[in-house]
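I opened my notebook to look up a few places in this structure. My entries follow the order in which I looked.

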Amino acid sequence: MGSKMVVFISGECGDSCYYCPVSEGRFGKDFAYANERKVTELEDFIYESYRMNALGAGITGGDPLLHLDRVVELITLLKDEFGRSYHVHLYTTGRYASMDALTELAKAGLDEIRFHPVKEQYLSAVERALRLGIDVGLELPAIPGEEERISQLVNWARNKGVKFVNLNELELTERNFQSLNSRGFRIGHGLAGVSGSFEASMRVLEKFHEAEISLHYCSSVYKDVVETRTRFIRTLRASGKPYEEVTGEGTSLRAVVKASVDLSEFGERSGDAFVVSPSLVNLLPKEKIDEIWVVEELPYGQRLSEKLVYSKSKDSQ
């Protein structure tokens, strides 16, 4: 649905997984992002949540529990501002998930915690979380050739009463590609999906298709193209300007018009130009228009393209 704000609380983590997809600009750095916007204050997350009309938030990193105080304060802020129905989940390896830490998270209102147990000893943190009355799940990369290990974790989770296991397609990114390539992994489809990861997931899903535990598979294409795009569309519909047209790709289109006449009835002034809806371009008095540009942007401000669609100087030639 794209209805949750993505909270990147920090890129710091005590584990160094060779397949970690976090970008070079964020990995190991204590920067925070609300969706794609870099933030400096926890209140910035409140603003971004309003901007996209979010129904909840997913807190990730790095390992968020390295900054437990920050996370607890943020969850408290979100719950106080948006109510108890605002669903918050958090990702962690479990390395820092002591009973005290988990109790603080539960008291703040955390609804769900997802563990990526990169080491067997981290499974004890999962057991601790199961005592606190919050939803507990596992989040596992579907690494080709590791189906047996994944199956063992799924079976363990089922026996312990874990609510769900998410299998994520292994992603080859700009930062981890050398590490993955050295192990023989290559892109199989889309922009980042590793060849064989889908098949590994399907073998595990088929093995447990009648088991009393929820299993989910998420492809890199679905996460990047569907989830991200629907979040972009949701953000633009919630906070876009009336003259911005929302595309099916989650971008906005607007016409920037330089004219010798006041066009406020069509849009609004921006510097020495007016911004109007592209659908109104044909209604403008062309004899008083100098230039019209159609601009396409993502909802966090990145400009993708600008196209000159009318120029008086060219039209008069």
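**Asn176.** I began with Asn176, in the loop that runs between strand S8 (164-169) and helix H6 (177-182). The model is predicted, and my notes are on computed values. Is Asn176 buried or exposed? I found it buried, with a relative accessible area of 1%. Next I asked which residues Asn176 touches, not counting those up to four places away in sequence. They are Tyr18, Tyr19, Cys20, Pro21 and Glu171.

**Two asparagines with positive phi.** I noted a general point before this search. Most residues other than glycine have a negative phi. Asn35 has a positive phi, near 55°. I placed Asn35 in the loop between S2 and S3. Asn35 is buried, and its relative accessible area is 4%.

Asn53 also went on my list, with a positive phi near 55°. How accessible is Asn53? Its relative accessibility is 44%, so I wrote down "partly exposed". The cut-off I used here is that buried means under 20%.

**Helix H1.** I then went back to H1 itself, residues 43-52. Which of its residues are buried? I listed Phe45, Ile46, Glu48, Ser49, Arg51 and Met52. What do these buried residues pack against? I traced S1, S2, strand S3 (37-39), H2 and helix H8 (220-239).

**Helices H2 and H3.** H2 came next, residues 68-82, together with H3, residues 99-108. Their axes come within 9 Å and cross at roughly 15°. Angles under 35 degrees count as roughly parallel, and therefore I recorded H2 and H3 as roughly parallel to each other. The crossing of H2 and H3 is right-handed. Which residues make the contact? On the H2 side I found Leu68, Val71, Val72, Ile75, Thr76 and Lys79. On the H3 side I found Ala101, Glu104, Leu105 and Ala108. I sorted the contact residues into seven nonpolar, one polar and two charged. An α-helix has 3.6 residues a turn, so residues three or four places apart point the same way.

**Aromatic rings.** How many aromatic pairs does the structure hold? I noted six. I looked up one of them, Phe8 with Tyr33. The ring centres are 6.0 Å apart, with 70° between the planes. Phe8 sits in strand S1 (residues 4-10) and Tyr33 in strand S2 (residues 32-34), so the pair ties together parts 25 residues apart in sequence. I checked how accessible each partner is. Phe8 is buried at 5% relative accessible area. Tyr33 is buried too, at 13%. I also marked one aromatic cluster, made by Tyr50, Phe82 and Tyr86.

**Val281.** My last entry is Val281. Where does Val281 lie? I found it in the loop between strand S15 (273-276) and strand S16 (289-297). Val281 counts as buried, at 11% relative accessibility. It touches Ala255, Lys286 and Ile292, leaving out residues up to four places away in sequence. I also looked from Val281 to Tyr86, which is 195 residues apart from it along the chain. The C-alpha atoms of Val281 and Tyr86 are separated by 41 Å.

Key: Residues are numbered from 1 along each chain as its sequence is written. This is a predicted model: local features need pLDDT of at least 70, side-chain atom pairs count only at pLDDT 80 or more; totals for chains, interfaces and linings use all residues. Side-chain values use heavy atoms; hydrogens and water are left out. Axes are lines fitted to C-alpha atoms, for helices over the stretch in contact, and angles run from 0 to 180 degrees between N-to-C directions. Helices (H or I, at least four residues) and strands (E, at least two) are DSSP runs, numbered from the N terminus. Angles under 35 degrees count as roughly parallel, over 145 as roughly antiparallel, 65 to 115 as roughly perpendicular and the rest as oblique. A crossing is left-handed if the near helix is turned anticlockwise from the far one by less than a right angle, and right-handed if clockwise. Contact means heavy atoms within 4.5 Å. Ala, Val, Leu, Ile, Met, Phe, Trp, Tyr, Cys and Pro count as nonpolar, Asp, Glu, Lys and Arg as charged, and the others, Gly among them, as polar. Rings of Phe, Tyr and Trp (its six-membered ring) pair if their centres lie within 6.5 Å; planes under 30 degrees apart count as stacked, over 60 as edge-to-face and the rest as tilted. Buried means under 20% relative accessible area, exposed over 50%, partly exposed in between (1.4 Å probe, protein chains only).
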